[in-house]
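The structure comes first, then the notes.

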Amino acid sequence: MAGAPQPQMNMVPGCPRHVAIIMDGNGRWATQRGRPRLFGHHAGARRVREIVESCPEIGVDYLTIFAFSTENWKRTQVEVAGLMNLFRRYIIKETKVLRESGVRVRFIGDRVRLDDKLIHLMNELEAATEHNNQVHLTIALNYGGRDEVARATKRLAADVAAGRLRPEDVDEETLPRYLDTHVLPDPDLVIRTSGEARISNFLLWQSAYSEYEFIDTLWPDFTREEFTRLCTAYGGRERRFGGVLR
Ligand code: IPE
Ligand code: IPE
Ligand code: MG
């Protein structure tokens, strides 16, 4: 099968299956260098390839990255337009390498506010990689956890109104089937770079029992070595899910 997982020699014991990353700190990284914020976003985008490539070596099957939030539209028009341009360029530049390295790409978030050209490129990248399964890369673009739950609830309510779902059958297994992430497992580990200890509307439902790592490194400085270290540390953690370990 195309892109079937290959056994790796250097997998991390107890490695998280699904890691989600809030890639923060691009603006400060650029400011520290006396450069415009977009310079930091370009440097940040270049970091993504190394982290995706390291997933099969470490043993991470699912990587979800926060690229643009539903709140990031509040930034200047110059920054927003520059980011949208960067996303288009990123997809055009990376499609071949992603397809050939067995990465399956999905996008989560609301596409309605994105421009047609970008939506077209996102659809093409998803289609070009749909038979891959080495690593599942999910890019959160115009994503907000509250927005996602609201959109899911709207679809769920429509199913109830149409008689396809009974209100008494709605439980915590039902709602996630309507979320953008319905085909993904919940994240085991959520990493946020840049020293901020908040989740900023990322995967609110899905991260109910995730482990967190808040690290000071700014995203453009984040390396494969640090990623491996965090995945290794995760392997030593005790997850209880509300129970008691015997
Ligand atoms: C994260 O970096 C990237 C996006 C939110 C698009 P920031 O742009 O938030 O960088 P800081 O937090 O201002 O340093
Ligand atoms: C979160 O970072 C969003 C992304 C990394 C895409 P922000 O920089 O937007 O979050 P706040 O504003 O510091 O909470
Ligand atoms: Mg930020």
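A polar contact is a pair of N or O atoms within 3.5 Å; within protein, one must be able to donate a hydrogen and the other to accept it, and residues adjacent in sequence count only if both atoms are side-chain atoms. The model is predicted, so local features need pLDDT of at least 70 and side-chain atom pairs count only at pLDDT 80 or more, while totals for chains, interfaces and linings use all residues. Residues are numbered from 1 along each chain as its sequence is written, chains are lettered from A and ligands numbered from 1 in the order in which they are written, and side-chain values use heavy atoms, without hydrogens and water.

**Polar contacts of ligand 2**
- Asn72 places a polar side-chain atom 2.9 Å from an oxygen atom of ligand 2.
- For Arg75, a polar side-chain atom lies 3.3 Å from an oxygen atom of the ligand.
- Arg192 likewise has a polar side-chain atom 3.3 Å from an oxygen atom of ligand 2.

**Shell around ligand 2**
- The residues around ligand 2 (a heavy atom within 4 Å) include Ile22, Asp24, Phe66, Arg198 and Ser200.
- The shell divides into 5 nonpolar, 2 polar and 4 charged residues.
- Strand β2 (residues 62-69) gives the most to this shell, with 3 residues; strands are DSSP runs of E, at least two residues, and helices runs of H or I, at least four, numbered from the N terminus.

**Helix α2**
- Just after α2, Gly59 takes a positive phi of about 115°.

Definitions and conventions: Nonpolar A, V, L, I, M, F, W, Y, C, P; charged D, E, K, R; others polar.
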